[in-house]
Amino acid sequence: MLRRVAIVVEVLGLLAVAVFVAMLFTNQPSVTRPQPEATGGASTPATLSPAHAKELYSQACASCHGEEGEGIYGPAIAGESSTKRFASEQDEIAIVTAGLGQMKSFSAELTPDQIKAVVAYVRSLPTTGG
Amino acid sequence: MAYVLPGTTKASRAKVNWQLGVVVVAGAAVSLFLGVYASRHPPAGQPTFGFSPGSMLAFKSWMTTLAVFFAVLQLLSALRLRDKIRWPATVPPWLTDAHRIVGTLALVSSLPVAYHCLWSLGFRFADQPLRSPRVLIHAAAGAFFYGVFVTKMLAVRITSVPRWLVPVAGGLVFTALMTVWFSSAVYFFTGQLGG
């Protein structure tokens with residue numbers, strides 16, 4: 001009886017492994033690509049509101065840098081962690097646009113305006129983490 | 001059906017060596033594949049399975065802890081099957097099947113965790129000045145875990161491999177999982193990783 005259960009569980013386990021491998025290759029990241037009408041051409045103030053920047057940050061950055069920018073997998077970037085390291089906001093925008101080490105480039109995923117807004121957002125956060 | 005301990009059937013020395021080579025190379029290939037994938041696949045950088053970024057790490061930590069719990073049961077049942085511990089006094093007839101089931105559950109509970117690590121985070125050794133040895137140790141132990149798991153599974157099936165192989169591989173599976181857990185979930189639970 002238990003032998004049967006073991007075999008069934010093992011077959012299901014193998015199936016799970018197959019799904020795992022298939023998803024490694026087929027799953028595409030959900031892109032936070034801007035809606036064309038929202039950002040086409042010059043940005044409207046609405047798309048760059050602080051709330052919008054916060055949302056972009058949650059979707060695109062928080063998984064690695066933490067919801068508060070305190071750093072998880074990527075380093076802390078909230079407030080002074082950013083402003084001390086990048087005196088010029090432009091330099092930080094360049095890093096996010098081009099990518100750095102384990103962090104991919106965001107140029108395909110976010111518009112320049114969105115990157116600018118997200119960077120401004122992290123620089124405005126209260127400094128947390130190390 | 002009586003349980004045949006792996007490594008206790010008679011086979012020629014050449015055959016034993018050949019099979020030993022196959023199971024070790026198969027495991028090494030799995031570890032290598034995971035390492036190559038982690039370093040080549042562009043990290044998706046987002047949570048998976050509908051989790052918010054904040055709850056993703058909690059989910060991963062608890063799933064890994066669940067796998068560790070199953071792994072402890074595996075260690076104990078393996079020790080009993082090999083008479084290294086004498087409790088219970090007689091080996092319950094269902095113990096080998098239970099060992100198989102719990103082992104599968106341990107593997108399956110680790111998969112969603114590894115999926116996020118590999119697909120969403122990845123590992124760039126060459127172009128990243130490593131921020132902490134934790135990340136390096138964690139990545140190596142994770143890749144090693146699945147490789148030695150495969151070696152162990154094959155070794156259990158091929159009963160003419162050397163007698164020491166299954167317990168050694170099993171012990172390494174356990175050690176690798178504990179290393180993975182100590183280098184991630186423990187940091188999360190003690191507040192050293194955000195989330």
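Colleague: How many residues of chain B are in contact with chain A?

Modeller: This is a predicted model, where local features need pLDDT of at least 70, side-chain atom pairs count only at pLDDT 80 or more, and totals for chains, interfaces and linings use all residues. Residues are numbered from 1 along each chain as its sequence is written, chains are lettered from A and ligands numbered from 1 in the order in which they are written, and side-chain values use heavy atoms, with hydrogens and water left out. Contact means heavy atoms within 4.5 Å. On the chain A side 32 residues take part, and on the chain B side the number is 38.

Colleague: Thanks! What area do chain B and chain A bury between them?

Modeller: Buried area is the accessible area (1.4 Å probe) that two parts lose on being put together, summed over both. Of this area, 64% is on carbon and sulfur atoms. The total for chain B and chain A is about 3,100 Å².

Colleague: Which residue of chain A meets Arg100(B) in a salt bridge?

Modeller: A salt bridge here is a side-chain nitrogen of Lys or Arg within 4 Å of a carboxyl oxygen of Asp or Glu. The rule finds three of them across the interface of chain B and chain A. In one of these, 2.8 Å from N to O, the partner of Arg100(B) is Glu10(A).

Colleague: Nice. Which element gives the most to the side of chain B that touches chain A?

Modeller: Helices (H or I, at least four residues) and strands (E, at least two) are DSSP runs, numbered from the N terminus. The elements giving two or more residues to that side are α1 (13–40), α2 (53–81) and α3 (95–121) of chain B. With 14 residues, the top contributor is α3(B).

Colleague: And how many helices does chain B have?

Modeller: Along the sequence, chain B reads α-α-α-α-α-α. There are zero strands, and the number of helices is six.

Colleague: Is Ser110(B) buried or exposed?

Modeller: Ser110(B) sits in helix α3 of chain B. Buried means under 20% relative accessible area, exposed over 50%, and partly exposed in between (1.4 Å probe, protein chains only). Because its relative accessible area is 7%, Ser110(B) is buried.
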